[in-house]
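Could you open the model and keep it in view while you read? My notes are below.

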Amino acid sequence: MLWRESKESERAKIFSGLEQVLTKLASQFNRAENPDSHAQERFAKSAVPLIEGWIRDHQFAVKSSLPALLDYPSGIHEMYCRNQVSGNDQFGIFAHVWCPGGETRIHDHGGFLGITVPLTAGMAEDQFQRIY
């Protein structure tokens with residue numbers, strides 16, 4: 001268990017700068033928006049270029065350190081693993097790892113918005129709109 005906690009702590013250290021950037025951005029939307037608005041969508045549209053830029057600027061740390069700190073799917077009964085790397089009460093930052101050819105079934109995030117920013121090539125995402 002100690003190794004798992006150590007891995008989680010190390011992942012959080014790598015992404016602490018990104019968490020700070022996103023926390024600052026989220027606070028701007030929390031102050032400016034009312035609860036019935038589309039604040040999540042506007043936050044996401046503003047966050048994607050910040051996330052992509054942060055990953056680009058920190059790619060050495062992300063690509064050299066992060067792989068050893070992630071849990072990987074077995075490929076037998078699990079096709080992907082979800083690793084929380086950072087986050088707070090406003091958002092979570094996760095690194096998902098899929099087996100080659102792996103996929104995730106259609107799902108929602110329980111009212112929360114998901115932003116996908118691939119760290120490596122080879123990922124495809126199909127987005128669906130829920131019809132009520």
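Here are my points, going from the overall fold to single residues.

1. A word on the source: this is a predicted model, so to speak of local features I need pLDDT of at least 70, side-chain atom pairs count only at pLDDT 80 or more, and totals for chains, interfaces and linings use all residues. Residues are numbered from 1 along each chain as its sequence is written, and side-chain values use heavy atoms, with hydrogens and water left out.

2. The fold first. The protein has 3 helices and 2 strands, in the order α-α-α-β-β along the sequence. Helices (H or I, at least four residues) and strands (E, at least two) are DSSP runs, numbered from the N terminus. The C-alpha trace spans about 45 × 35 × 30 Å along its principal axes.

3. On contacts (heavy atoms within 4.5 Å): among those with a separation of 6 or more, 58% join residues 24 or more positions apart.

4. Now burial. Of the 132 residues, 24% count as buried; buried means under 20% relative accessible area, exposed over 50%, and partly exposed in between (1.4 Å probe, protein chains only).

5. Of its 21 residues, Phe15, Leu18, Leu22, Phe43, Trp54 and Ile93 touch the most other members. Helix 1 (2-32), helix 2 (39-57) and strand 2 (92-98) each supply at least two residues of this core, and helix 1 gives the most, with 7 residues. Leaving aside residues up to four places away in sequence, Trp54 touches Ile14, Phe15, Gly17, Leu18 and Val62.

6. Is asparagine 83 buried or exposed? This strand 1 residue counts as buried because its relative accessibility is 1%. Its side chain makes a polar contact of 3.5 Å with that of arginine 11; the term covers a pair of N or O atoms within 3.5 Å where, within protein, one must be able to donate a hydrogen and the other to accept it, and residues adjacent in sequence count only if both atoms are side-chain atoms. Beyond four places in sequence, asparagine 83 touches Arg11, Leu70, Asp71, Ile93, Phe94, Ala95 and Val97.

7. Last, glycine 75, in the loop between helix 3 (59-65) and strand 1 (80-87). Glycine 75 has 35% relative accessibility, so it counts as partly exposed.

Terms used
A nonpolar core is a set of buried Ala, Val, Leu, Ile, Met, Phe, Trp, Tyr and Cys residues joined through side-chain atoms within 4.5 Å.
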